[in-house]
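Student: I would like to go through this structure with you. Could we take it one region at a time?
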Amino acid sequence: MVTRLRPLHYAVITLLALFALLAAAQYQRASLKITETQIIETYASQYLAAAPQGAKLTDCRAKPGQNTATRMVVICGPDRFDAARHYEFHVDPLGRLIVKHGPGDWATQDPVAGRDKA
């Protein structure tokens, strides 16, 4: 027995598709609202609050994310990797923190910038 779609079914499918398109457009608009500079400044201030004395804003830089879920990785610390002063903030497309790695994490995590240089 073949079931035929009625006009109501087509209307519901069309509304669901339209809703999905609008949701995707809103997400894209929200991700474009926040700039990379704003993201870096946000996590650089967190670094300054957590880092040892002598840390400065210019210790922070960013690399693009490795996948679509990660917009960028904000890397803070001295130029050469120092496990006691190196921090990484993995950030999603909307600028929200996904994961933070700090001095206590380098025994089990590999830094994005590498251990030889940051």
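Student: Where is His86 found?
Tutor: His86 lies in the loop between strand E2 (72–76) and strand E3 (87–91); strands are DSSP runs of at least two residues (E) and helices of at least four (H or I), numbered from the N terminus. This is a predicted model, in which local features need pLDDT of at least 70, side-chain atom pairs count only at pLDDT 80 or more, and totals for chains, interfaces and linings use all residues. Residues are numbered from 1 along each chain as its sequence is written, and side-chain values use heavy atoms, with hydrogens and water left out.

Student: Is His86 buried or exposed?
Tutor: His86 is buried, at a relative accessible area of 0%. Buried means under 20%, exposed over 50% and partly exposed in between, using a 1.4 Å probe and protein chains only.

Student: Let us turn to H2. Which residues are buried there?
Tutor: Ile39, Tyr43, Ala44 and Tyr47 are buried in H2. They cover an arc of only 125° around the axis, so they are on the same side of H2; the arc is that of the directions from the helix axis to the C-beta atoms.

Student: Why would such a spacing work?
Tutor: An α-helix has 3.6 residues a turn, so residues three or four places apart point the same way.

Student: And which residues are exposed on the other side of H2?
Tutor: Thr37, Glu41 and Ala49 are exposed there.

Student: Changing topic, where is Tyr10?
Tutor: Tyr10 is in helix H1 (residues 7–33), and Tyr10 is partly exposed, with a relative accessible area of 48%.
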